[in-house]
Amino acid sequence: QPEETDEAGAGLQKFSKPKPFVHKPPVTRAQLDRMRYEFWDTQPAYGGQREIWDALKAAAENEDVVLGHLILESAGVVNCNANMTISYDERGAKYEIPQYCLAIPSN
C-alpha cells in the first residue's frame, strides 16, 4: 500500500530518509551544519508557506520517519517523493530540499 489518503482524497506517499551519499567536494561536519543552516534560513524566502518549510525542516531533522510523516500530514503536505527531496503543499507549491539536509555524506 504505497499511499495513504485523507478525507479530501489527497495522498502523502510513505517516505524514508535518503541513504548516505558522496558529496563533492567532501565537507566537514561543521561545513555541513553551516550549509544546512543557510538552506533552512534562506529557502522560505523563495516561495511557499513558512509553515510548510518549518514542517519539512522538523520532519527532516527527526530520526523517527513515522513522526516525520505525521508532521508533514498535519502541516498540509499532500505529496512527497520517496526520499523527501521534493514535496508539494495543498495549494500545489513545490518544495525542494537538497540531499545534504536529509542525510549525512558518506565521505
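The legends below describe several close-up views of a predicted model.

Residues are numbered from 1 along each chain as its sequence is written. Because the model is predicted, local features need pLDDT of at least 70 and side-chain atom pairs count only at pLDDT 80 or more, whereas totals for chains, interfaces and linings use all residues, and side-chain values use heavy atoms, with hydrogens and water left out.

**View 1. The largest nonpolar core and the elements that supply it.** A nonpolar core is taken here as a set of buried Ala, Val, Leu, Ile, Met, Phe, Trp, Tyr and Cys residues joined through side-chain atoms within 4.5 Å, where buried means under 20% relative accessible area, exposed over 50% and partly exposed in between, with a 1.4 Å probe and protein chains only. The largest such core has 22 residues, and those with the most contacts inside it are W40, L56, L72, M84 and I97. At least two residues of this core come from each of α1 (29-42), α2 (50-61) and β3 (77-80), and α2 gives the largest share, 6 residues. Helices (H or I, at least four residues) and strands (E, at least two) are DSSP runs, numbered from the N terminus.

**View 2. Aromatic pairs around W53.** A pair of aromatic rings is described by the distance of the centres and the angle of the planes. Rings of Phe, Tyr and Trp (its six-membered ring) pair if their centres lie within 6.5 Å, and planes under 30 degrees apart count as stacked, over 60 as edge-to-face and the rest as tilted. A search of the whole structure finds 4 aromatic pairs. One of them joins F39 and W53 edge-to-face, at 5.9 Å centre to centre and with 75 degrees between the planes; since F39 lies in helix α1 and W53 in helix α2, this pair ties together parts that are 14 residues apart in sequence. W53 also forms an edge-to-face pair with Y95, at 5.0 Å centre to centre and 75 degrees between the planes, and because Y95 lies in strand β5 (residues 94-96) while W53 belongs to helix α2, that pair links parts 42 residues apart in sequence. F39 and W53 are both buried, W53 having a relative accessible area of 2%, and Y95 counts as buried at 0% relative accessibility. Together with W40, the residues F39, W53 and Y95 form one aromatic cluster.

**View 3. The open sheet β3-β4-β5.** Two strands pair if DSSP finds at least two bridges between them. The twist averages 25 degrees from one strand to the next. Strand β4 (residues 86-89) is joined to β5 by 3 bridges, and S87 has Y95 as its bridge partner in β5.

**View 4. Packing of α2 against α3.** Helix α2 and helix α3 (residues 65-75) pack at an angle of about 175 degrees, with their axes 8 Å apart; axes are lines fitted to C-alpha atoms, for helices over the stretch in contact, and angles run from 0 to 180 degrees between N-to-C directions. That angle makes α2 roughly antiparallel to α3, given that angles under 35 degrees count as roughly parallel, over 145 as roughly antiparallel, 65 to 115 as roughly perpendicular and the rest as oblique. On the α2 side the contact, meaning heavy atoms within 4.5 Å, is made by I52, A55, L56, A58 and A59, and on the α3 side by G68, I71, L72 and A75.

**View 5. Backbone geometry at P25 and M84.** Most residues other than glycine have a negative phi, and most peptide bonds are trans. The peptide bond from K24 to P25 is cis, with omega near -5 degrees. P25 lies in the loop between β2 (11-13) and α1 and counts as exposed at 58% relative accessibility. P25 and N107, although 82 residues apart in sequence, are 9.1 Å apart in space, C-alpha to C-alpha. M84, in the loop between β3 and β4, has a positive phi near 70 degrees and counts as buried at 1% relative accessibility.

View 6. R36 counts as buried at 17% relative accessibility. Leaving aside its neighbours within four places in sequence, R36 is in contact with R29, Y100, C101, L102, A103 and I104. R36 and P98 are 62 residues apart in sequence and 9.0 Å apart in space, C-alpha to C-alpha.
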